[in-house]
Amino acid sequence: MDQGTNAVDILEGRSYRLQYPWVGVVNRSQADINKSVDMIAARRKEREYFASSPEYKHLANRMGSEHLGKMLSKHLENVIKSRIPGLQSLINKTIIELETELNRLGKPIAVDTGGKLYTVMEICRVFDGIFKEHLDGTRPGGDKIYSVFDNQLPSALKRLQFDKQLSMENVRKLITEADGYQPHLIAPEQGYRRLIESSLVTTRGPAEAVVDAVHALLKELVHKSISETMELKQYPTLRVEVTNAACESLERMREESKRATLQLVDMECGYLTVEFFRKLPQDIEKGGNPTHSIFDRYNDSYLRRVGSIVLSYVNMVVATLRNSIPKSIVYCQVREAKRSLLDHFFTELGAKEGKQLSSLLDEDPAVMQRRTNLAKRLELYRSAQAEIEAVVWSK
């Protein structure tokens with residue numbers, strides 16, 4: 001300030017009002033600098049000046065560099081406090097995003113053999129659990145198996161057209177040829193057996209088709225479960241091995257199911273339900289006239305009656321098979337898939353060494369590096385979160 005002037009009007013806000021009060025300071029002069037006056041002495045001279053100056057004495061309590069520093073510190077503190085909720089929100093959001101990304105990338109690979117084996121087993125159990133959920137109805141897909149039993153099998157059995165198999169010409173042929181050179185004495189039992197067997201054997205086709213249809217659905221559920229097991233996306237080789245192991249198990253189950261299911265048909269062909277025929281009304285003339293030629297001693301009405309009886313018996317057996325075939329398939333394929341889909345794989349897994357387990361857990365190096373970087377960032381953000389919360393709660 002020039003001699004004889006002062007800044008009272010400015011400092012009191014009369015000349016120009018600021019959002020925050022004016023603060024006057026006395027800086028070191030060039031002479032002070034030349035004399036090497038330190039900051040402590042300069043601040044003391046500043047306090048003495050404001051305290052003794054007639055113009056500024058009444059303002060001394062809010063003048064000086066010390067007061068300016070305190071006021072700026074308080075202002076900075078208030079600004080920081082006003083920004084803390086926004087900072088907390090941003091940090092919390094970033095932490096959630098980092099955690100989500102780390103969960104998507106999966107856990108880091110264990111170093112020791114036991115840890116690797118545990119990791120593989122846990123991933124396989126997750127896949128197995130998802131597969132069972134599909135079968136049990138928690139996830140979609142298992143209902144298609146019931147549709148095979150409720151729609152495909154009955155429709156296939158109806159399409160067999162036993163009436164063509166039991167046509168007049170075929171009945172006459174099998175009846176007349178059944179006993180060879182010696183005609184039957186009472187009833188053409190061998191003819192009945194051949195007609196029944198030739199009719200029932202056609203059910204093998206639908207039975208096999210149902211086994212294959214359920215097998216295809218189970219494979220479809222395996223692939224769907226594989227794609228839904230997020231942990232398997234982390235390890236491509238393990239994903240392939242688990243898929244192959246599951247499909248191989250299903251193939252073994254299909255062969256066992258096909259054998260057991262076709263045995264049901266073979267049992268019906270090999271042993272007739274005698275009680276059915278004992279309940280039929282007896283006819284002393286049902287054997288025809290034995291004095292006639294073997295090729296003409298059966299009239300049409302008799303042959304139609306034989307065909308009708310055989311058709312009734314075949315329909316009875318087919319109705320039984322319609323219920324027993326699904327039971328066999330569920331027992332041999334569906335139930336077994338739920339119980340032991342990866343049992344063979346687990347047995348082989350237990351014999352693998354550390355290097356073999358490492359080959360299953362062949363994660364992309366870029367993914368591993370990204371996980372490491374994300375983990376470091378997450379640690380920093382959590383540290384910042386803790387420090388900010390400590391400051392907030394301390395106030």
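Me: Which helix does Phe162 lie in?
Reply: Phe162 lies in helix 7, residues 162-165. Bear in mind that this is a predicted model.

Me: Is Phe162 buried or exposed?
Reply: Phe162 counts as buried, because its relative accessibility is 8% and the cut-off for buried is under 20%.

Me: Let's step back. What is the secondary structure of the protein chain?
Reply: The protein chain has 16 helices and zero strands.

Me: What radius of gyration does the protein chain have, and what would a compact globule have?
Reply: The protein chain has a radius of gyration of 47 Å, whereas a compact globule of 395 residues would be near 21 Å.

Me: What does the C-alpha trace span along its principal axes?
Reply: The spans are about 160 × 50 × 30 Å.

Me: How much of the chain is made up of buried residues?
Reply: Buried residues account for 36% of the 395 residues.

Me: On to helix packing. How do helix 10 and helix 11 cross?
Reply: The axes of helix 10 (residues 204-228) and helix 11 (residues 236-270) come within 9 Å, and they cross at roughly 160 degrees. That angle is over 145 degrees, so helix 10 is roughly antiparallel to helix 11.

Me: Left-handed or right-handed?
Reply: Helix 10 passes helix 11 in a right-handed crossing.

Me: What residues are in that contact, by class?
Reply: The contact of helix 10 with helix 11 has 11 nonpolar residues, six polar ones and nine charged ones.

Me: What about the loop between those two, where Thr229 is found? Is Thr229 buried or exposed?
Reply: Thr229, in the loop between helix 10 and helix 11, is buried, with a relative accessible area of 0%.

Me: How far is Thr229 from Cys124?
Reply: Their C-alpha atoms are separated by 9.0 Å, although the residues are 105 apart along the chain.

Me: Next loop. Where is Tyr271 found?
Reply: Tyr271 is in the loop between helix 11 and helix 12. Tyr271 is exposed, because its relative accessible area is 64% and the cut-off for exposed is over 50%.

Me: And what separates Tyr271 from Arg83?
Reply: A C-alpha distance of 89 Å, for two residues 188 apart along the chain.

Me: Back to helices. How do helix 9 and helix 13 pack?
Reply: Helix 9 (residues 189-200) packs with helix 13 at an angle of about 45 degrees, and their axes are 10 Å apart. That makes helix 9 oblique to helix 13. The crossing of helix 9 and helix 13 is right-handed.

Me: How many aromatic pairs does a search of the whole structure find?
Reply: The search finds six aromatic pairs. One of them is Phe276 with Tyr313.

Me: Why is the pair of Phe276 and Tyr313 edge-to-face?
Reply: Their ring centres are 5.2 Å apart and the planes are at 65 degrees, so the pair is edge-to-face. The cut-off for that class is over 60 degrees.

Me: Which parts of the chain does that pair link?
Reply: Distant parts: Phe276 is in helix 12 (residues 274-278) and Tyr313 is in helix 13 (residues 300-340), 37 residues apart.

Me: Is Tyr313 buried or exposed?
Reply: Tyr313 counts as buried, at 0% relative accessibility.

Me: Which residues do ring pairs link into a cluster?
Reply: Tyr49, Phe50 and Tyr56 form a cluster through ring pairs.

Me: Last one. Where is Val391, and how far is Val391 from Lys81 in space?
Reply: Val391 is in helix 16, residues 365-394. Val391 and Lys81 are 9.7 Å apart, C-alpha to C-alpha, while in sequence they are 310 residues apart. With a relative accessibility of 43%, Val391 counts as partly exposed.

Conventions. Residues are numbered from 1 along each chain as its sequence is written. This is a predicted model: local features need pLDDT of at least 70, side-chain atom pairs count only at pLDDT 80 or more; totals for chains, interfaces and linings use all residues. Side-chain values use heavy atoms; hydrogens and water are left out. Rings of Phe, Tyr and Trp (its six-membered ring) pair if their centres lie within 6.5 Å; planes under 30 degrees apart count as stacked, over 60 as edge-to-face and the rest as tilted. Helices (H or I, at least four residues) and strands (E, at least two) are DSSP runs, numbered from the N terminus. Buried means under 20% relative accessible area, exposed over 50%, partly exposed in between (1.4 Å probe, protein chains only). Axes are lines fitted to C-alpha atoms, for helices over the stretch in contact, and angles run from 0 to 180 degrees between N-to-C directions. Angles under 35 degrees count as roughly parallel, over 145 as roughly antiparallel, 65 to 115 as roughly perpendicular and the rest as oblique. A crossing is left-handed if the near helix is turned anticlockwise from the far one by less than a right angle, and right-handed if clockwise. Ala, Val, Leu, Ile, Met, Phe, Trp, Tyr, Cys and Pro count as nonpolar, Asp, Glu, Lys and Arg as charged, and the others, Gly among them, as polar. The radius of gyration is taken over C-alpha atoms; the globule rule is 2.2 Å times the number of residues to the power 0.38.
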